[in-house]
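Welcome! Take a look at the model first, and then read on.

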Amino acid sequence: QRQMCIRDRIKAILDAIDRSNPVGKRDYAMILIGAKYGMRIGDIRRLQFHEVDFQKNTINIVQQKTDKPLALPLLPDVGWALIDYLKCGRPKSDSTYIFLRHVVPFERLGDNDNMEYVLRKYANSAGVFKSRTYKRSSFHMLRYSLASDLLSQNISLTTISGILGHSELNVTSKYTRLD
């Protein structure tokens, strides 16, 4: 039942995003990627066109934190969110990065572009978290939520570790709050 709560909370956050505007399309795609793959915000910010293969339906990155390759299937809802942003939301730019700032100059999101604030804003709007519970509304929270959800589906720690891009199971077990 607790895991269902997590899924409901993530869904409420995603539903709170106004996708009728370019920034909402970007934020939705970024948060969806965080929720579905547990990708770190740094890796999402740095996602480039050559790393997403719409023909083979894959995302292939080298993780910034670990410098390890990570291959993921391009899930249909993530693919459609990316297409919606790229066709109808992304500013015109020659940048190889997918996600851009929506103010001039249209550059990739930098480390100082506070996506934690953005996620917290949508979480508050959805009534999911109180405004002062900052630790609960971060992109890292999406990684924890994904790990817990997968564990509740009896997915092995080895598989969860691979999805999150961990090299050691003891790191993954912390995410799933296991001894």
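Read along its sequence, the protein follows the pattern α-α-α-β-β-β-α-α-α-α-α, with eight helices and three strands in total. Helices here are DSSP runs of H or I with at least four residues, strands are DSSP runs of E with at least two, and both are numbered from the N terminus. This is a predicted model, in which local features need pLDDT of at least 70 and side-chain atom pairs count only at pLDDT 80 or more, while totals for chains, interfaces and linings use all residues. Residues are numbered from 1 along each chain as its sequence is written, and side-chain values use heavy atoms, with hydrogens and water left out.

**The protein as a whole**

- Of the 179 residues, 45% count as buried, meaning under 20% relative accessible area with a 1.4 Å probe and protein chains only.
- Among contacts (heavy atoms within 4.5 Å) with a separation of 6 or more, 52% join residues 24 or more positions apart.

**Glu 51**

- You will find Glu 51 in the loop between helix H3 (41-45) and strand E1 (52-53).
- Glu 51 counts as buried because its relative accessibility is 12%.
- A polar atom of the Glu 51 side chain lies 2.7 Å from the backbone nitrogen of Gln 48.
- Leaving aside neighbours within four places in sequence, the residues in contact with Glu 51 are Arg 46, Thr 58, Ile 59, Asn 60, Ile 61 and Val 62.
- Tyr 97 is 46 residues from Glu 51 along the chain, and their C-alpha atoms are separated by 9.7 Å.

**Arg 46**

- Arg 46 also has its place in the loop between H3 and E1.
- The side chains of Arg 46 and Gln 64 make a polar contact at 2.9 Å; such a contact is a pair of N or O atoms within 3.5 Å, where, within protein, one must be able to donate a hydrogen and the other to accept it, and residues adjacent in sequence count only if both atoms are side-chain atoms.
- The backbone oxygen of Gly 42 lies 3.0 Å from a polar atom of the Arg 46 side chain.
- Beyond neighbours within four places in sequence, Arg 46 is in contact with Glu 51, Gln 64, Tyr 97, Arg 108 and Asp 111.

**Helices H6 and H7**

- Helix H6 (residues 139-152) and helix H7 (residues 157-164) pack at an angle of about 155°, with their axes 10 Å apart.
- That makes H6 roughly antiparallel to H7, a term for angles over 145 degrees.
- Arg 143, Leu 146, Ala 147, Leu 150 and Leu 151 in H6 meet Ile 160, Ile 163 and Leu 164 in H7.

Terms used. Buried < 20%, exposed > 50% of the residue type's maximum accessible area, 1.4 Å probe, protein only. Axes fitted to C-alpha atoms, helices over the stretch in contact; angles between N-to-C directions. Parallel < 35°, antiparallel > 145°, perpendicular 65-115°, else oblique.
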